[in-house]
Amino acid sequence: MIRKVVRYLNNPVLEQVAEPVTEFDTPELHQLVTDMFDTMYKSHGVGLAAPQIDVAKRVAVIDVTGGEDEEEPPQKLVFINPQILSVDGKQTGEEGCLSIPGFREPVRRAKLATVRAQDVKGDWFEITGEDLLARAMLHEIDHLNGILFLSHLSALKRDLIKRKIRKLQKAGEWE
Ligand code: NI
């Protein structure tokens, strides 16, 4: 089921620390993950965190192919209660967020990230991502800690974007 993606500004769930998942392999958790992939693909994103659909749980999904690459099969990754084990190097690239549609800005992140997380059954796994996957994992884990990519921009740029969003909200063009 496609869920509504909540947008930045006036949605406190996006700026709160999400709660750990304690029960695994439940129908609710499977449904949440399925819905998150459906919602992410529909929105043409490469990652989605549960708070973005108003669920304050430490769950994120990523598919760096966006599920739209005809040559490559989907690469569905589910991260529950993820922890960053290590990061290395630097990369700067354009970043966007389904909760802040229409705004993309260069963000500096680590080039490599190793993350430990649980799967839907509760089993722990480790994954090392490079480039886009590293960026996506760090962006989504930020979400679970109530941090948006705007936090990585200069205060000047962040305030400018906030002002633009408020204007769109007033005009009723930001739902
Ligand atoms: Ni995002």
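This is a predicted model: local features need pLDDT of at least 70, side-chain atom pairs count only at pLDDT 80 or more; totals for chains, interfaces and linings use all residues.
## Helix 2 and what surrounds it

Let's start with helix 2, which covers residues 132-144. From first C-alpha to last, its 13 residues reach 19 Å, close to the 18 Å expected at 1.5 Å a residue. Twelve of those 13 residues are buried, so helix 2 is largely enclosed by the rest of the structure. Among the buried ones are Leu133, Met137, Ile141 and Leu144, along with Arg135, Glu140 and Asp142. After the helix comes Gly146, which has a positive phi, near 75 degrees.

## Strand 2 and its partners

Now look at strand 2, residues 59-62. Val59 and Val61 point one way, Ala60 and Ile62 point the other way, and all are buried. Strand 2 runs antiparallel to strand 1 (residues 47-49), joined to it by three bridges. Four bridges tie strand 2 to strand 3 (residues 77-88), and that pairing is antiparallel as well.

Val61 is a handy landmark here. Leu48 stands opposite Val61, and Val61 also stands opposite Val78 in strand 3.

## Rings and charges

The model has three aromatic pairs. In one of them, Phe79 and Phe125 have ring centres 6.0 Å apart and planes at 45 degrees, so the pair is tilted. This pair links distant parts of the chain, with Phe79 in strand 3 and Phe125 in strand 7 (residues 124-130), 46 residues apart. Phe79 is buried, at 3% relative accessibility, while Phe125 is partly exposed, at 25%.

Another pair is Phe103 with Trp174: the centres are 6.2 Å apart and the planes stand at 65 degrees, so this one is edge-to-face. Here the partners are 71 residues apart, with Phe103 in the loop between strands 4 and 5 and Trp174 in the segment after helix 3. Phe103 is buried at 12%, and Trp174 is buried at 8%.

Trp174 has Arg7 over its face too, at 4.8 Å from the ring centre. Elsewhere, Lys76 lies over the face of Phe37, at 4.7 Å from the ring centre.

Conventions:
Residues are numbered from 1 along each chain as its sequence is written. Side-chain values use heavy atoms; hydrogens and water are left out. Helices (H or I, at least four residues) and strands (E, at least two) are DSSP runs, numbered from the N terminus. The expected span of a helix is 1.5 Å times one less than its number of residues. Buried means under 20% relative accessible area, exposed over 50%, partly exposed in between (1.4 Å probe, protein chains only). Two strands pair if DSSP finds at least two bridges between them. Rings of Phe, Tyr and Trp (its six-membered ring) pair if their centres lie within 6.5 Å; planes under 30 degrees apart count as stacked, over 60 as edge-to-face and the rest as tilted. A charge sits over a ring if NZ of Lys or CZ of Arg is within 6 Å of the ring centre and within 35 degrees of the ring normal.
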